[in-house]
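This briefing is intended for a reader who is meeting the structure for the first time. Please look over the sequence and the model before turning to the notes.

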Amino acid sequence: MNQTAVSPHIFRAYDIRGIYNEDIDPTLFYKIGLAAGTYLQKNLKGKTMTAGADIRCSSPTLLHSFVSGVLATGANITMTGITSFGQTLFNGCKQNDDLISFVTASHLPAEWNGIKFYYGDGVGLPTEELNKIRDNVLDDSFELKGFDGIGQIRSVEPTQPYIDFFKDHFSYSKKLNVAVDCGGASMTLSAPHVMKALGVDVSEVFCTPNPLFSDRPSEPKPDNLSALIDTISRDGCDFGVAFDGDGDRSVIIDDRGVALSSDETGILLGKYGFSKHEGVVIVNVECSKAVSEQLTPLGFSVKQIPVGHTHLTLHAKKECSPLGIESSGHLILPNYFLFDDALIVPLKIAEILDESEQSLSELRRDIPIYPLSKKEIKCPDDLKFEVIEKLKVQLQKEYDDVNTMDGIRVNEEQGWSLIRASNTSPIIRVTTEADDKISLEQISSHFVELTQKLVESMQD
Amino acid sequence: MTQLFGTNGIRGIIGEDMSSGFAHDIGRAWGSYLQKTQSSPHLAIATDARLSNQMIKSALISGLLSTGVDVTDCGLAPTPALQYAVHTSDEFSGGIIITASHNPPEFNGIKGVDESGTELTKTTEEEIEKHYFSKDFHTADWKSLGKYCINSSIIDRYIDAIIESVDVDLIAKQKFHVVLDCGNGAGSVATPALLKKLGCKVTELNCIADGTFPAHPSEPLPENLSELIETVPKVKADVGVAQDGDADRAIFVDHTGTYLWGDKTLSVVAEYLTKDSPNQTVATPVTTSSCLADVVAANNCTLITTKVGSPIVAREMIKHKCIFGGEENGGLIFPSLHYCRDSAMSIAVLLEIMAKSQKSLKDLVLQIPVYEMFKTKMPCPNEKKRPLMDAVKKQLKTDPSIIRIDETDGIKFYLETGWVLMRPSGTEPLFRIYSEAKDARTAKDLARAYQSLASDLISQL
């Protein structure tokens, strides 16, 4: 294929992403296929990779060139085709393949695409492993096979085994009515079908495939979900759910049309979704202190981890966690599977409501919502990490409870603040949560000023 | 003159001149050509059973989709099944088959058909090559990329179409016992099912698709079919049949285990189809034995000779509205189904002939006039091919023993005792000489005589 210059910026911490025809094209994906196939055999000593793709317009061409590259290295492919994220991950884990690949750009606009990699058990590839694939691409380090060593494709039907799995694990005695907003994206291929198979009354919102994502932006922010909120009130739904482009994140809307934060949803799952409250709940450093406040007294212990959904699956596996919460919307329930298939969330919420006398808006009433502030401080890329390092030393001396696994989280009596450099922009973010607005203002302004001053002094 | 496409599409060895990168660029070139000539191009794609198929197919599909061409993936299928699907569907504006036919397993190839299911014309192939060599690729924006879908029903539809083309009840009544050797090729996924639907008892040899071709090389030559030749009389079967790698050609073995060259079956079928249909036309390349000409003439029909190459025969058949045609290598073309070589259809029709005539294939072949052919070749550098041809022609025109000259492909001339065909090889630095006569000795003498003429002429150049 053509030798095109590869922009290294497409290789991110947990995936590869870019705009089609600008940053990425089939030629590059062929190389990524060669690189991933070589990595699979050389580093993982594996032989078989699952491959699937989300519903984007550019997915078929990128998936096929990627697969062609993998086959050229002699690795075999289990092909799931165009599916939701969960369908491919589920089938990959079921086949016990050595690596699972999924062509997607998650929630990004429709002209974007990319690829994510998972181990065969559903744990995301950590950055240092993904970098090995990246280096193979950048160095043209591929091992090709002759005609008798070329890999073969085995196609699997991705839908029925997936539906059967959920039928084995969920059954509802009440007739629940759930509004489902797939935004015309990949979840149109699975979520409504699974829910209907479980006997749920589905009020469909944008459940017809629309790879242009012209129904609504694929990021399921509450601002983008007015159609879903209207449907909940029109149809008197028990709750609503909206998914992102590939289906690894969901947002739950209660029966009154109010969105739950990821932390709130996580707390509800922890409180009502388990018969035994034991084990380590994994949360990232951006999560609300409400998670620990609500779940620790029940018997769970709560462990903070760095930001990024790959850490979620990695730590959940290590700790044998029953629950993982990422503030960005990734929630995992590893009793079912480790990967972050967002479909598990509404199914579990439905189960909770099925067993409860209360509505979702009533259940969430007990969960405190603390005021939150997010501030951004401009800081040149070459300086931002140095600023964080200096602050670390200073704050660890000044405060008793400082967590430095990902940025600096300072925990105080009335709240906490997280100071963290953005991985992608020349920005340092200061996120603060406190019991009340006055404390929030105090804590936030303190750390914002502190950071600001340090940035200024270091620029002089 | 095409550089990539040969007589039957593009062929190459994996890792040498055939790779996924090459296939991807061919997909882009092909798609770019289609975008220029069609409003909403949509190709059907199938493969034979080769080990490198999935890799080549994926790369090709990616290239096509990137130009905005829609693709339907029909999976592993005989070449004629894909051709039939394209021919009968309004959806498809053409098709591609990933196959290297009878070549060894390290080969693969890419062959195209137009919306009628017939192989592409040379002009189209040249246009695709122009895009390939100039890297003039159409790049569709993300919204207009091609769509991909899977169709796994083309084989069933193809089998049904063949069943409808013959007298299935009559054939089934005979309860024929057929030994079928698919050579582990693409026929494996269709022909056993067809024969069962025709009510035959089937003894299957190598009917599991396997791109390593573990049983024998996939060219159905006598030396590759010893298992079939031994099995037919051993199991007391009525007939044996072998298909090549992509199942467009069939070679038959009679109940005694005698291997029948393709010109025999060609003539048996021509006799059957022309017998009660005078004034019809049949087509075959200049290389075919005169036995076909005799049969066609005896039934008051016309035989058209064409250049070598099944796509050319098919196109001439369309032009002249032929009722039948084919090559002496077992590639038979039945316009009642479609204009392409079709081994499964050949099997069905031959069984129908046996059923209707109540004769064995051996007896049917005995009715065909016997000729002996002799083939030889001599080295000839590429640059001397043209001058040698001119010199030969000049010489022959002064030769009083020559009754008729046919310049369709090379130069074929008829004498009292038989005919001689002299033609330069299209791919190698060779000059081929074929001859045919009523007996082997005369055929050989003829070839030798004109070989020495050519040798003299080449030394004078």
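This is a predicted model: local features need pLDDT of at least 70, side-chain atom pairs count only at pLDDT 80 or more; totals for chains, interfaces and linings use all residues.

Among contacts in chain A between residues at least 6 apart in sequence, what percentage join residues at least 24 apart? The share is 71%.

**Overall form of chain A**
- Chain A contains 14 helices and 19 strands.
- The C-alpha trace of chain A extends over about 70 × 65 × 40 Å along its principal axes.
- The radius of gyration of chain A is 22 Å, which agrees with the value near 23 Å that a compact globule of 460 residues would have.
- Buried residues make up 54% of the 460 residues of chain A.

**Domains**
- In chain A, the assignment gives domain 1 (8-155), domain 2 (160-366) and domain 3 (372-459).
- A distance of 37 Å separates the C-alpha centres of domain 1 of chain A and domain 3 of chain A.
- Chain B is assigned domain 1 (5-152), domain 2 (157-366) and domain 3 (372-460).
- In chain B, the C-alpha centres of domain 1 and domain 3 are 38 Å apart.

**Contact between the chains**
- On the side of chain A, 24 residues are in contact with 27 residues of chain B.
- Helix 1 (26-42) and helix 2 (59-72) of chain A each contribute at least two residues to the side of chain A that touches chain B.
- Helix 2 of chain A provides the largest share of that side, namely nine residues.
- Sorted by class, the side of chain A that touches chain B comprises 13 nonpolar, nine polar and two charged residues.

- In soluble globular proteins, nonpolar side chains tend to be buried together.
- The largest nonpolar core holds 252 residues, of which F66(A) and V178(A) touch the most other members.
- The element that gives the most to this core is helix 12 (residues 343-357) of chain B, with ten residues.
- Apart from its neighbours within four places in sequence, F66(A) is in contact with F29(A), Y30(A), I32(A), G33(A), A51(A), V103(A) and I115(A).
- A second core, separate and made up of 20 residues, has I377(A), V410(A), W416(A) and A421(A) among its members.

Conventions:
Residues are numbered from 1 along each chain as its sequence is written. Chains are lettered from A and ligands numbered from 1 in the order in which they are written. Domain bounds come from an automatic or database domain assignment. Two residues are in contact if their C-beta atoms, placed from the backbone, lie within 7 Å. Helices (H or I, at least four residues) and strands (E, at least two) are DSSP runs, numbered from the N terminus. Ala, Val, Leu, Ile, Met, Phe, Trp, Tyr, Cys and Pro count as nonpolar, Asp, Glu, Lys and Arg as charged, and the others, Gly among them, as polar. The radius of gyration is taken over C-alpha atoms; the globule rule is 2.2 Å times the number of residues to the power 0.38. A residue is buried if 20 or more other C-beta atoms lie within 10 Å of its own, exposed if 12 or fewer, and partly exposed in between; C-beta atoms are placed from the backbone. A nonpolar core is a set of buried Ala, Val, Leu, Ile, Met, Phe, Trp, Tyr and Cys residues joined through C-beta atoms within 7 Å.
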